[in-house]
Amino acid sequence: SKAFTPSRMNETFDLLLSRYKQQLELLNYSARTFVTRASYLRQFTRFLDEVKITEVQAVTAAVMNDFQRWLFYLPVRRRTQTGEPTVHGTARAAVTLNRTLTAVRGFFRFLKTEGYIARDPTEELEFAREPQRLPRNILTPQEARKIVETPDTSTHIGYRDRVILEV
C-alpha cells in the first residue's frame, strides 16, 4: 500500500480514531472513556512518529513490545503546586502502562474487526504485573475490638459469632 507522510499518517489516524469513537458510542461507552483512550492513543502515535512508522498496517508484535519499553522509560510528567510540569526520573506505574496498552489493544481490535488490518499486533502482548494493594480503609484497633465485643456471649449464637470474629 501507499506510504504515508507523517502528516498523512495523522490524517489517516484521525479518521480511524473518529470511527473508533463512533464504535465506542454505539457500544454505549461514556465520552470520558473516549477522551481517556484518545490521550493514550496519542502517546502511541508519538511513539510511531519517533520510530518512523507511517501506517497502522506496519505495526507488528515486535513494534508493540518496543512501544511497551518506550512507554516504561518515558519520563513521568507531573504538575507542581504552581501548575508547572516537572519531569521525574521514575518509570511509569504498572497500572498506567496497562491502561495505555489496553487502550491501544482496543483500538487494534477495532481495526481488525473492521478490516483495516489483517492481524492484531497486540494479541501476544503481555501486560505488566500489577502490585497487590491493601485496602485503603481498614479498621482501627478500637473499631476492631468494638466489633469483636458486639456479640452477646450469654447465648449460644452470640458465643459462636464471637468465636468466628476472633478467628
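**Salt bridges, core and aromatic pairs**

Me: How many residues apart are Arg 69 and Asp 66 in helix H3?
Reply: Three residues apart, so about one helical turn separates them. Bear in mind that this is a predicted model.

Me: And what do those two side chains form?
Reply: Arg 69 and Asp 66 form a salt bridge. The closest N and O atoms are 2.7 Å apart.

Me: How accessible are Arg 69 and Asp 66?
Reply: Arg 69 has a relative accessible area of 47%, so it is partly exposed. Asp 66 is partly exposed too, at 37%.

Me: How many salt bridges turn up in the whole structure?
Reply: Five. Another one joins Glu 123 and Lys 112, at 3.5 Å from N to O. That pair links distant parts of the chain, eleven residues apart. Glu 123 sits in the loop between H4 and helix H5 (141-148), while Lys 112 is in helix H4.

Me: How accessible are Glu 123 and Lys 112?
Reply: Glu 123 has 40% relative accessibility, so it counts as partly exposed. Lys 112 is at 36%, and that also counts as partly exposed.

Me: What does Arg 162 pair with?
Reply: Glu 166, in a salt bridge with its closest N and O atoms 2.7 Å apart. Both residues lie in helix H6 (residues 156-166), four residues apart, or about one turn. Arg 162 is partly exposed at 23%.

Me: Step back. What's the overall layout?
Reply: Along the sequence the pattern is α-α-α-β-β-α-α-α. That is six helices and two strands. Of the 167 residues, 30% are buried. Residues 24 or more positions apart account for 55% of the contacts with a separation of 6 or more.

Me: On to the inside. How many residues are in the largest nonpolar core?
Reply: There are 29, and Phe 44 and Phe 67 have the most contacts inside it. H1, H2, H3 and helix H4 (94-113) each give two or more residues. H4 gives the largest share, seven residues.

Me: Which residues does Phe 44 touch, beyond its sequence neighbours?
Reply: Leaving aside those within four places in sequence, Phe 44 contacts Val 59, Met 64, Phe 67, Val 104 and Phe 108.

Me: How many aromatic pairs are there?
Reply: Ten across the whole structure. In one of them, the rings of Phe 44 and Phe 67 have centres 4.9 Å apart and planes at 80 degrees, so the pair is edge-to-face. Phe 44 is in helix H2 and Phe 67 in helix H3, so the pair ties together parts 23 residues apart in sequence.

Me: Are Phe 44 and Phe 67 buried or exposed?
Reply: Both are buried. Phe 47 and Trp 70 form a tilted pair, 5.5 Å centre to centre with 55 degrees between the planes. That pair also links helix H2 to helix H3, 23 residues apart. Phe 47 and Trp 70 are both buried.

Me: Which residues make up the aromatic cluster?
Reply: Tyr 20, Phe 44, Phe 47, Phe 67, Trp 70, Phe 107, Phe 108, Phe 110 and Tyr 116 form one cluster.

Me: Last topic, backbone. What phi does Asn 28 have?
Reply: A positive one, about 70 degrees, although Asn 28 is not a glycine. Most residues other than glycine have a negative phi. Asn 28 is in the loop between helix H1 (6-26) and helix H2 (31-50). At 68% relative accessibility, Asn 28 counts as exposed.

Me: And where is Lys 52?
Reply: In the loop between H2 and helix H3 (61-73). Lys 52 has a positive phi of about 60 degrees and is exposed at 67%.

Definitions and conventions: Residues are numbered from 1 along each chain as its sequence is written. Side-chain values use heavy atoms; hydrogens and water are left out. Buried means under 20% relative accessible area, exposed over 50%, partly exposed in between (1.4 Å probe, protein chains only). Contact means heavy atoms within 4.5 Å. A nonpolar core is a set of buried Ala, Val, Leu, Ile, Met, Phe, Trp, Tyr and Cys residues joined through side-chain atoms within 4.5 Å. Rings of Phe, Tyr and Trp (its six-membered ring) pair if their centres lie within 6.5 Å; planes under 30 degrees apart count as stacked, over 60 as edge-to-face and the rest as tilted. A salt bridge is a side-chain nitrogen of Lys or Arg within 4 Å of a carboxyl oxygen of Asp or Glu.
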